[in-house]
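This briefing is meant for a reader who is meeting the structure for the first time. Please keep the sequence and the model in view while reading the points below.

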Amino acid sequence: MEIRGSSVSVSAQPSKSLVAASRASTVRKGAERGIEWWSIAAVAPAVIILLGFLLLFFYGVYQSLTDLKLGRPLVRFIGFANYSALIDDDDFWNSVRVTLTYGVSAVLVQAVLGLSIAKLFASEVVLARLLRPVILLPLVLPPMSVALMWTTMMDPQRGILNYLLSLVGVAPFPWISDPATALVSLILIDVWTYTPFFALIIFAGLQGITDDIREAARVNGARGWATFLHIELPLVAPYILIAAVFRLIESFNQFDIVFGTTQGGPGNSTAALSVQAYITAFQNLNFGRGAAIMVANWLIVLAGAFLTVRLWQAVRRRVT
Amino acid sequence: MLAKLAALRGHSTKIARGTLMCSLLITGAIAAEQPAHAEGINWRQFEGTSIVWAYDIHPYADAVAAQLPEFEKLTGIKVTPELYPDDSYWNKLTIQLTTKSPAWDVVGTGIQPAWDLSPSQLLEPLDGYLNDPKLTDAAYDYQDFFPALRTALTWNLTDGQIEPGTGHVWAIPHGFENIQLFYRKDILEKYGLKVPTTPPEMSAACEKLKAADPSITPLGVRGVRFWSSIHTAPVSIAKSYGVHDFFIKDGKLDTGLDAPESIAFHKDYVDMIKKCAAPSFANDNWYQVVDGISSGRTAMAIDSNMFGFWNDVAGKPASGKIAFAPPLHAPNAQNFESNIWIWSLAMNAASQKKGASWLFIQWATSKEVDLNGAVAGKLVNSPRTSTWTDKAWLDYASKPEFNDFVDTFKTVQDRAALAFTPRVGFGEAMNAWAVAMQKMVNGADVEKTLHDLATEIRSSL
């Protein structure tokens, strides 16, 4: 196989030196084959752990095909009945809508704000340099603490946000207490928490753009905005997209912020799939149905991550 | 010599008589002691064991936790309390028990969650321990618990469903609550308001109160998206409207949540919530209800009666300002209804330290611990009749700062009963009711929402 694939093997009249080279190559590859066993042994634990994770995942998928109810000893295989019930359930489609709206909106806003903040950090403004470590604070807070903190701040009667709004003459805002504003409020919390992540990644990308590139643009007559739009933005685009992949996965799976503030309410207005799966499995004890919701959530995460990765690859090819 | 012999015989006889008397006395004393030993148990039989006791963060838990050193001194058993916030606790409890984890030995539960955990026998039946003279002290007196509470925690499983009243004992009452309306006397007096008795009266009172002082929330009630918000005000008031969560129709279980009585109740209740409750209703749990009434930001509340009591305790900011009344009832109803909640101690069936766990349950629900907890102002609604006839407790609870607590308790307790139908699947149906309630309060059509709710519940029956 190795010989067939080499340039040597396709030569019709091999010279002595070529034959010798071929033999050396074969010996070297044989030796490499010996090393490969060690490599396999070295990576084996990681592969076994990965297989373990996959096994657990497929076990979860199997559970979604059963009528498993926590606390009930009898479990039956029911095929796709749980999925069929979900497809007919308006609440499920509402959860899909909430999950997509939450994930996509939060990531888009974070990307725009993160880019602005990163650009500010890359500038020579002294205050921006001072703020660099401070802006990381939301990232190091446990998400459940963030949720509880914002729940208090968003209290329509006694929350500090409405107090601040009252100072400028704005009427009280219902925040997480009204179905019309609850989802937007949760997106705001997500944006506050994770924008620093975008800023950090994009700032690293901006640091990689050398001055000679900017200088070349300037020599060619590009002004500040044009330099940003046509030079910097395309160069940091892969960084933005790689951050978006991570954040999209996390936002589609977001649980702590939603459960810690609204538990999916008021009504079903913020019932993201992750929260609905948890409630179905662990509060309603219907684990089979809950597992089916988790699989649906996983499919959305997979599709979102796949599309973003493809976009990232395309942009990266274009840039390089 | 003869005289000496006679004297010696006489002396021997005295000794013999004395010995006989002593023997009789000792035997008698031992005989008299024996019944007492038979009644007692060896409290140190599991000395050196460590157990974990999980519970909600709750003053009832504080009442027991404060006395834990005495238990550890008595038994040599180390107890580690693990206390969690309300919502987290119930979720963790479900996960711990259903995964058959032995990490928790003794757990706090209510009747309703215990129903859902029954089919897999995740809780250890306790009747075997109760009837074992080596494990249960005769002075424990299980019959001292209110009969209604004992009955509620006793059931059989038939075809995976609950048959209450007979069978195994699944938990021991540790404290209980009945649902009442409690209110700030100072606020109602200030604005000249009478204590409402029906939802429409409450709505009218709220409108007056809001007009007089917009900063006050007229009524505090739970509204979270969880069954715990249904088991207080809604189910108590609904029962007075004739609402049945479940009933038997043509030999089959059905829900009555879309019946005309339920529609009438929900229209009144939703209207009342819109006019009376805080804008944060959907996020409010009992913590917010208590905070509102104790701070005076809320004028009235419908919830468990002890929340009023705890804030009347001397030294608290609201001491003496909170009074009690029966819960609201339907305008055309003769009387009110009040749901009960029984805080109970149960044993994890997967526990590997069941003997030590039982000694802890027995001690924590004993007459002494219940009474001490009550007199300390923590374990307000003792489940033991002996506490309610004890002078120390009655003298304490009748202090002026508690206003009409004892009288209202007695009035309400006469009519207080479990308002839910005992059944496996309680959590799923009642969580759905809580979600529907939020939807209706936020403007969804009452009849359609109840129809959808009933359809959802029927599909899972």
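Helix axes are lines fitted to C-alpha atoms, for helices over the stretch in contact, and angles between N-to-C directions run from 0 to 180 degrees. Helices (H or I, at least four residues) and strands (E, at least two) are DSSP runs, numbered from the N terminus. By these conventions, α13(A) and α14(A) pack at an angle of about 165°, with their axes 7 Å apart. The model is predicted, and local features need pLDDT of at least 70, side-chain atom pairs count only at pLDDT 80 or more, while totals for chains, interfaces and linings use all residues. Residues are numbered from 1 along each chain as its sequence is written, and chains are lettered from A and ligands numbered from 1 in the order in which they are written.

**Helix α13 of chain A and its partner α14**

- Angles under 35 degrees count as roughly parallel, over 145 as roughly antiparallel, 65 to 115 as roughly perpendicular and the rest as oblique, and α13(A) and α14(A) are therefore roughly antiparallel to each other.
- The crossing of these two helices, α13(A) and α14(A), is left-handed, a term used if the near helix is turned anticlockwise from the far one by less than a right angle, with right-handed used if it is turned clockwise.
- Residues are in contact if their C-beta atoms, placed from the backbone, lie within 7 Å; on the α13(A) side the contact is made by A:L273, A:S274, A:Q276, A:A277, A:T280 and A:A281, and on the α14(A) side the residues include A:F287, A:R289 and A:G290.
- By class, the contact of α13(A) with α14(A) has 8 nonpolar, 5 polar and 1 charged residues, where Ala, Val, Leu, Ile, Met, Phe, Trp, Tyr, Cys and Pro count as nonpolar, Asp, Glu, Lys and Arg as charged, and the others, Gly among them, as polar.
- A residue is buried if 20 or more other C-beta atoms lie within 10 Å of its own, exposed if 12 or fewer, and partly exposed in between, with C-beta atoms placed from the backbone; helix α13 (residues 273–283) of chain A is mostly covered, with 10 of its 11 residues buried.
- The buried residues of α13(A) pack against α4, α12 and α14 (287–319) of chain A, and also against α4 and α19 of chain B.
- After α13(A) comes A:L285, whose phi is positive, near 65°.

- Leaving aside residues up to four places away in sequence, A:D256 touches A:P143, A:M144 and A:A147; the C-alpha atoms of A:D256 and A:P143 are separated by 5.8 Å, although the two residues are 113 residues apart along the chain.
- A:Q263 is found in the loop between α12 and α13 of chain A, where its phi is near 55°, a positive value in a residue other than glycine, and A:Q263 is buried, with 24 other C-beta atoms within 10 Å.
- A:P266 is found in the loop between α12 and α13 of chain A, and the peptide bond from A:G265 to A:P266 is cis, with omega near -10°.

**Helices α4 and α11 of chain A**

- Helix α4 (residues 90–122) and helix α11 (residues 224–252) of chain A pack at an angle of about 145°, with their axes 9 Å apart, and α4(A) passes α11(A) in a right-handed crossing.
- By class, the contact of α4(A) with α11(A) has 9 nonpolar, 4 polar and 1 charged residues.

**Chain B and its contact with chain A**

- Chain B has 20 helices and 13 strands, and of its 461 residues 48% count as buried.
- The contact takes 24 residues from chain B and 25 residues from chain A; α19(B) gives the most to the side of chain B that touches chain A, with 6 residues.
- By class, that side of chain B has 10 nonpolar, 10 polar and 4 charged residues.
- B:D250 lies in the loop between β9 (246–249) and β10 (252–255) of chain B, has a phi near 50°, and counts as exposed, with 5 C-beta neighbours inside 10 Å.

Note on methods: Contact = placed C-beta atoms within 7 Å.
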